[in-house]
Amino acid sequence: MLGLDALELARIQFAFTISFHILFPAITIGLASYLAVLEGLWLKTGTQTYRDLYHFWSKIFAVNFGMGVVSGLVMAYQFGTNWSAFSDFAGSVTGPLLAYEVLTAFFLEAGFLGVMLFGWNRVGPGLHFFSTIMVAIGTLVSTFWILSSNSWMQTPQGFELMDGRVIPVDWFAVVFNPSFPYRLAHMSTAAFLATAFFVGASAAWHLLRGSTNPAIRKMFSMALWMAVFVAPLQLLLGDLHGLNTLEHQPAKIAAIEGHWSNTPGEPTPLTLFGWPDMQREQTRFSVEVPYLGSLILTHSLSKQVPALKEFKPEDRPNSTIVFWSFRTMVALGVLMILAGLWSVFLRWSKKLYESRAFLRFCLWMGPSGLIAILAGWITTEVGRQPWVVYGLMRTADGVSAHSANQLGLSLALFVIVYFAVFGAGTGYVLRLVRKGPAIGEGAGEEHGGPGTSRTPARPLSAAENGLEGDPMNAEYSGRA
């Protein structure tokens, strides 16, 4: 297929499916915590606006959660179908870690998700709030185990090699491997930021159209407060993550910087832009800032950053890809910080909801968090190459014995099905966003209990179908 061999097609297929999948859990993680905050504020203050926002975003959460579960199932199967040699080599570590996710996070979410989505008028407020908190915790627990597994592949420890297989001997060391704390903090924060800018863009769209009800203004304000405090925090976490990567994966840092060689006794410059050429072993058209590479990457003006030529050609990541994916992530992070600072100025001048330039900027920044996550994920995974388990197993040795035609056919089917299914799901989410939160939704209804019958929430019947007087919309109106 297109002149690609089986290994390249297997990698493309995994990259394609995980690129779809990672977006849904990122929004799910952020929305789950956002819903817990909204319900907590409603219970504390009694302000109807928080309840309206809870009902609105719970529908979007439900659809997104479903798409995340469906897309996630494919990932587990691919370990067996396309990467069976890797599964045979490292399955005694990665298998239990994924099983722990099911036994903890999945069961936790399954136990309380139904109460959260359908029990608003069937259980008391305390139990419903507790269910929302448990679902939010479940998403973070899931993040914990998934990132522990991925981080172990990046910085493996706590194992022994026996008969050509990895055997865990210290599960604490396996789970809390050297890169895990940094990846967990960085990814969780990225999920919160991606959700904040998605929420903020949704509010900006309604504000630009002249809808200024309290719920719209509140969710816009909350999203931007998140940007003010969390975007700079993410910059700090990224710096710590970079120092950890420099210690354990120096070739990845060299590739990210497009840095090929060091001059003895001179600090490393920072290459702002350029085009790393893997064949010529140089970064063409580079624009460099003296000393800045050493200052940022080592926090010193004298230490040098490892260079790509210090590693064998077969051990070098593809610098062309990670050089630009990393800069895409950083550029979007800088824009997020700018959005937060701009919002502080507009709050001070009392023009936060009136500045159309800022509203348009926030609208365009809506997908920025998700794009940054994809760029960061590409940097992480491509930068690990040519290893599937860093320093232990090469990616070429982990692939299954399939032909290029077989993998090409399955990849084509994945592309067709994914764009059809998840394209429709994403379109539905955007329809929900376009509808916006209803003012006073569920007002006047009391929490139910034993003997009290109420119609549960139905997220999949929440969006308008474009026809006035649609009976489904009429039936849904006013229900939680």
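**Close-up 1. The second largest pocket of this predicted model.** The space here comes to about 1,200 Å³ (a volume is what probe spheres fill when set on grid points joined across faces, edges and corners). On a 1 Å grid over the protein atoms alone, a pocket is an open set with protein on both sides within 12 Å along at least five of seven lines, and lining residues have an atom within 4 Å of a point. The lining runs to 42 residues, with His186, Gly238, Phe326, Met329 and Val330 nearest the centre. Elements giving two or more residues to this lining include α4 (125-154), α7 (214-248), β3 (270-277), α10 and α12 (DSSP runs numbered from the N terminus: helices are H or I of at least four residues, strands E of at least two). Sorted by class, the lining has 24 nonpolar, 13 polar and 5 charged residues; Ala, Val, Leu, Ile, Met, Phe, Trp, Tyr, Cys and Pro count as nonpolar, Asp, Glu, Lys and Arg as charged, and the others, Gly among them, as polar.

**Close-up 2. Helix α10 against helix α12.** α10 (residues 319-348) and α12 (residues 368-384) pack at about 150°, axes 8 Å apart (axes are lines fitted to C-alpha atoms over the stretch in contact, and angles run from 0 to 180 degrees between N-to-C directions). That makes the two helices roughly antiparallel, therefore (angles over 145 degrees get that label; under 35 is roughly parallel, 65 to 115 roughly perpendicular, the rest oblique). The contact divides into 11 nonpolar, 7 polar and no charged residues.

**Close-up 3. Helix α1 against helix α12.** The axes of α1 (residues 6-45) and α12 come within 10 Å and cross at roughly 130°, so this pair is oblique. From α1, Ile18, Ser19, Ile22, Leu23, Ala26 and Ile27 meet Leu370, Ile373, Leu374 and Trp377 of α12. This contact has 9 nonpolar, 1 polar and no charged residues.

**Close-up 4. The second largest cavity.** A cavity is a set of points where a 1.4 Å probe fits but cannot get out, and this one holds about 40 Å³ of space. Its lining is Ala196, Phe197, Gly200, Ala201, Phe220, Ala223, Leu224 and Cys362, with the largest share, 4 residues, coming from α6.

**Notes.** Residues are numbered from 1 along each chain as its sequence is written, and side-chain values use heavy atoms, leaving out hydrogens and water. In this predicted model, local features need pLDDT of at least 70 and side-chain atom pairs count only at pLDDT 80 or more, while totals for chains, interfaces and linings use all residues.

Note on methods
Contact means heavy atoms within 4.5 Å.
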